[in-house]
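Please look over the structure shown below before reading on.

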Amino acid sequence: MIGMITGQVAHLSAPVACVMTSGGVGYEIEMPIGEFCTLSVGMNVTLYTQLVVREDAHLLFGFTDRPEREIFKKLIKINGVGAKMALAILSTLPPNELHQAVEYGDESALTRVAGIGKKTAQRLIIELKGKLDGTSDDLFAPSTTQDEPTHTANPMHIIAETESALVSLGYKEKEAQSAIKTAKQSLSDDELTTSNLLKASLKILSGF
């Protein structure tokens, strides 16, 4: 079992980060969008990982916090919630928002996630209620804005990366493209980063 990887970010392609260890091995690791957007090429990182074995692939999912990995593990144990959906949940609802949605029985918050309907939302609430309380107080603190890594990126690359990330979360290409087009209009040239465009697009797609 690969439980933790430390190394340097060699490549980024939302939502996958390729981390090169000191031994020269590169691991492709899928991450929640919010955490992925805090990375930049060349950055040294430590990620807590979970290996998911399928018939056609061995997939690594990574998190900057061990408690968030524990939430991911709880999610994939729920009937009908696979690794991809669990990642989509944590990409759309940060741990503090997921905790609130579960504890208050907020189905509408959960159905903001692509691929989750009312029945799945109800199942998540039933299965997770009371099980997230002891995970980590830090994770359930109000969200704070993190500084965007300083790097120069071509606008077309930002748009392509954002679309790839949205499709990986379960959105169709056309609806992703439409949301990106609308979201881009709300951002200035200085504000146009993958992180900002993703957040604005997700807000549009979730109806907020």
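## Thr194

Why does Thr194 count as buried? Thr194 counts as buried because its relative accessibility is 9%, where buried means under 20% relative accessible area, exposed over 50% and partly exposed in between, with a 1.4 Å probe and protein chains only. The model is a predicted one, in which local features need pLDDT of at least 70 and side-chain atom pairs count only at pLDDT 80 or more, while totals for chains, interfaces and linings use all residues. Residues are numbered from 1 along each chain as its sequence is written, and side-chain values use heavy atoms, with hydrogens and water left out.

Thr194 lies in helix H9, residues 194-205 (helices, H or I, of at least four residues and strands, E, of at least two are DSSP runs numbered from the N terminus). Not counting residues up to four places away in sequence, Thr194 touches Cys37, Ile158, Glu161 and Thr162, contact meaning heavy atoms within 4.5 Å.

Strand S2 (residues 16-20) runs antiparallel to strand S3 (residues 26-30), joined by 5 bridges, and two strands pair if DSSP finds at least two bridges between them. Val19 stands opposite Tyr27 in S3, and the hairpin formed by S2 and S3 has 5 residues between the strands, with Gly24 in the turn showing a positive phi of about 85 degrees.

S3 also pairs with strand S5 (residues 58-63) in the parallel sense over 2 bridges, where Ile29 has Leu60 in S5 as its bridge partner.

## Annotated spans

An unreviewed UniProt entry lists residues 73-92 and 108-127 for "domain: Helix-hairpin-helix DNA-binding motif class". Residues 73-92 are 70% helix and 0% strand, whereas residues 108-127 are 65% helix and 0% strand.

Definitions and conventions:
UniProt positions renumbered as here; feature names shortened; annotations may be inferred.
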